[in-house]
Amino acid sequence: MYFTLLGPTAENSAHCRYLSAANAGLLLDAGLDPLLEGRAALPDTSPLDHHPEYYPVHAILLSHAHVDHMAALPVLAARWPEAGILCTEATWRLTRLQLCRHATLWAQAFERGAELEEPLYGPADVQDLEERVRFVEKGERLRLEIEGAEELHLTAFDAGHILGSTSWLIEAEGQSLFYTADLCGRPQSVIQGAVYPPGADVVVSECTVAWSPAHAQLARRAEIERLADSVREVAALGGSILMPVFNMGRAQELLYILHSLKRKGRIPPLPVYLGRRAWEIAQLYDQFAAKDRRLLPDFQFSQTLVDIVDPEESALDLEGSRIFLVPSGMLQPHSASWRVARRMLPLPLQAIFFVGHSAGGSFAKRLLKSKPGDLLEMDGAQVPLHCRVESFLFSSHSSLPELLDMLQRVKPRLLVALPGRKDSAQRFLEAAQAQQPELRVEEALAGSELDISAA
Ligand SMILES: [Zn+2]
């Protein structure tokens, strides 16, 4: 088995890897960099072009429906038209929703002349994928039938990251590989924690937040209590709260947390305004409630009282203590959250609570590093910061102790760390080797091929 990391790279955060096993080629994830545009956002598949023993891609495996893991699918599927697409039904439904949304927005921008580059794909390209998708059930071991290839089996495991997310056990050439993209070893508020196979020769794993001591010590319940206290304080003064969120996953988790805090009387019954896209995704969470592993299988988002806003269109009223759960999570310029933030920043009674990751260079990061009274540039204007700004940790990634716990259960002989934030990969490998000295460890570097068959 040979493994090649195609992304993320230093310049592009799209997730995509290539595995050759049993004389077959598998593409693991097909992401797009959400902060780049046009072809620059696609993962770099050029290492495959120069590969001496390259097999075409026979199957594309999707781990989950975050843009950086699946939004290049129409382009990559068109490059390998024979490849089947494998994922859970929930992942496909969430993926299709977002691919159609991208395709429609790009087509509109192109027609308006706002975009000069032709869109990467259109709605018809997304439609064409439908017949190539094969749904997998978690826990079901299936044989991949590929002409000319040796025996190859796949089993999907719950990755605990967002609705439908999976890791894969790939069995070929007499050995087994556990590949996991985004993974969460502990339960969140709506979905349960990850499930691991009883053993595997090789583990290829994400380690996004392994560098972070805050994640390692995270006590989710205490963080929810801290959020409740802060919401009460802002509400007592009549202020509103903006929580910039990503539509997929974090918005639904926060919606549930606010709903349950209101039911327990821990926060006042403030109206919650949710973006339309996040509500559509919440409805898909409801549809899969019985099928997916849930902490509360009977809970339905339709029970939560929310007002749906189309932040693209409506002028949001800040008066009278409201909570806005709107995208983007990093306050991308001109997004709904950025526009609400622009109005809130100069007003001392208003509050912005961050509940997700803020990448370096994002407006969210800049705001988090600012002090009261600082001026922030927004669209040419200098806006003074007077509102309350706070940050809460609601991670959907495994911390370092949770990653080490996974290794103790799966007991691999070889561990390959995928790139994480900061020096996460090195820290993960060092800690893994300290725990299990005979473990062979490798760091996956973009574009270079790893022989993982000699484990
Ligand atoms: Zn993800």
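The notes below go through the two sheets, then the helices.

This is a predicted model: local features need pLDDT of at least 70, side-chain atom pairs count only at pLDDT 80 or more, and totals for chains, interfaces and linings use all residues. Residues are numbered from 1 along each chain as its sequence is written. Helices (H or I, at least four residues) and strands (E, at least two) are DSSP runs, numbered from the N terminus. Two strands count as paired if DSSP finds at least two bridges between them.

**Sheet with β1 to β6 and β22**

- Seven strands form an open sheet in the order β6-β5-β4-β3-β2-β1-β22, and the pairing is mixed.
- β6 (133-135) and β22 (449-451) are at the edges with a single partner strand each, so one side of each has no neighbour in the sheet.
- On average, neighbouring strands of this sheet are turned by 25° against each other, direction ignored; axes are lines fitted to C-alpha atoms, for helices over the stretch in contact, and angles run from 0 to 180 degrees between N-to-C directions.
- Four bridges pair β3 (residues 24-28) with β4 (residues 57-61) in the parallel sense.
- Leu 28 is opposite Leu 61 in β4.

**Sheet with β7 to β11, β20 and β21**

- An open sheet of seven strands, also with mixed pairing, runs in the order β7-β8-β9-β10-β11-β20-β21.
- β7 (141-143) and β21 (440-443) are the edge strands, each pairing on one side only.
- β9 (residues 166-172) and β10 run antiparallel and are joined by five bridges.
- Glu 171 has Ser 176 in β10 as its bridge partner.

**Helix α12**

- Leu 400, Glu 402, Leu 403, Met 406, Leu 407 and Val 410 of α12 (residues 400-410) are buried (20 or more other C-beta atoms within 10 Å of the residue's own, C-beta atoms being placed from the backbone).
- These residues lie on the same side of α12, because they cover an arc of only 165° around the axis, taken from the directions from the helix axis to the C-beta atoms.
- They pack against β10 (175-180), β11 (202-205), α6 (213-216), β20 (414-417) and α13 (424-435).

**Helices α8 and α9**

- α8 (residues 250-263) packs against α9 (residues 276-287) at an angle of about 80°, with the axes 9 Å apart.
- The two helices, α8 and α9, are therefore roughly perpendicular (65 to 115 degrees).
- Ala 251, Gln 252 and Leu 255 of α8 make the contact with Ala 278, Ile 281, Ala 282 and Tyr 285 of α9 (C-beta atoms, placed from the backbone, within 7 Å).

Technical notes
Buried ≥ 20, exposed ≤ 12 C-beta atoms within 10 Å, placed from the backbone. Contact = placed C-beta atoms within 7 Å. Parallel < 35°, antiparallel > 145°, perpendicular 65-115°, else oblique.
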